[in-house]
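Q: Could you show me how to read the features of a protein model, one at a time?

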Amino acid sequence: MTPPVALERLDAPTFPATASLLDVPPGTYWVLGVLDFDPPSPTIPGPEDSTGVTGPIEVVDTDLEITVTLPVP
């Protein structure tokens with residue numbers, strides 16, 4: 001697994017939450033959203049966390065808006 005190209009952490013989100021990933025170089029990407037429930041797992045999602053993924057997304061040199069819906073357990 002490669003490290004993220006872009007990352008935004010929302011410490012106290014309100015829902016629906018919005019995040020911006022800026023300065024993403026052109027390429028093909030997948031976007032992963034994680035709702036990190038206790039106990040904290042800051043490096044990888046744990047089994048208690050809610051995740052949502054979308055892709056592949058082709059980034060050229062335009063603004064892009066993506067919605068990732070996370071299931072709430």
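Q: What share of the contacts between residues at least 6 apart in sequence joins residues at least 24 apart?
A: A contact means heavy atoms within 4.5 Å. In this chain, 34% of the contacts between residues at least 6 apart in sequence join residues at least 24 apart. The model is predicted, so local features need pLDDT of at least 70 and side-chain atom pairs count only at pLDDT 80 or more, while totals for chains, interfaces and linings use all residues. Residues are numbered from 1 along each chain as its sequence is written, and side-chain values use heavy atoms, with hydrogens and water left out.

Q: How many helices and strands are there in the chain?
A: Helices (H or I, at least four residues) and strands (E, at least two) are DSSP runs, numbered from the N terminus. Here the chain has zero helices and two strands.

Q: Is W30 buried or exposed?
A: Buried means under 20% relative accessible area and exposed means over 50%, with partly exposed in between (1.4 Å probe, protein chains only). W30, which sits in strand β1, is exposed, because its relative accessible area is 57%. Across the chain, buried residues make up 15% of the 73 residues.

Q: Which strand gives the most to the lining of the largest pocket?
A: On a 1 Å grid over the protein atoms alone, a pocket is an open set of points where a 1.4 Å probe fits, with protein on both sides within 12 Å along at least five of seven lines, and lining residues have an atom within 4 Å of a point. In this case β1 gives the most to the lining, with seven residues, and β1 and β2 (50–59) each supply at least two.
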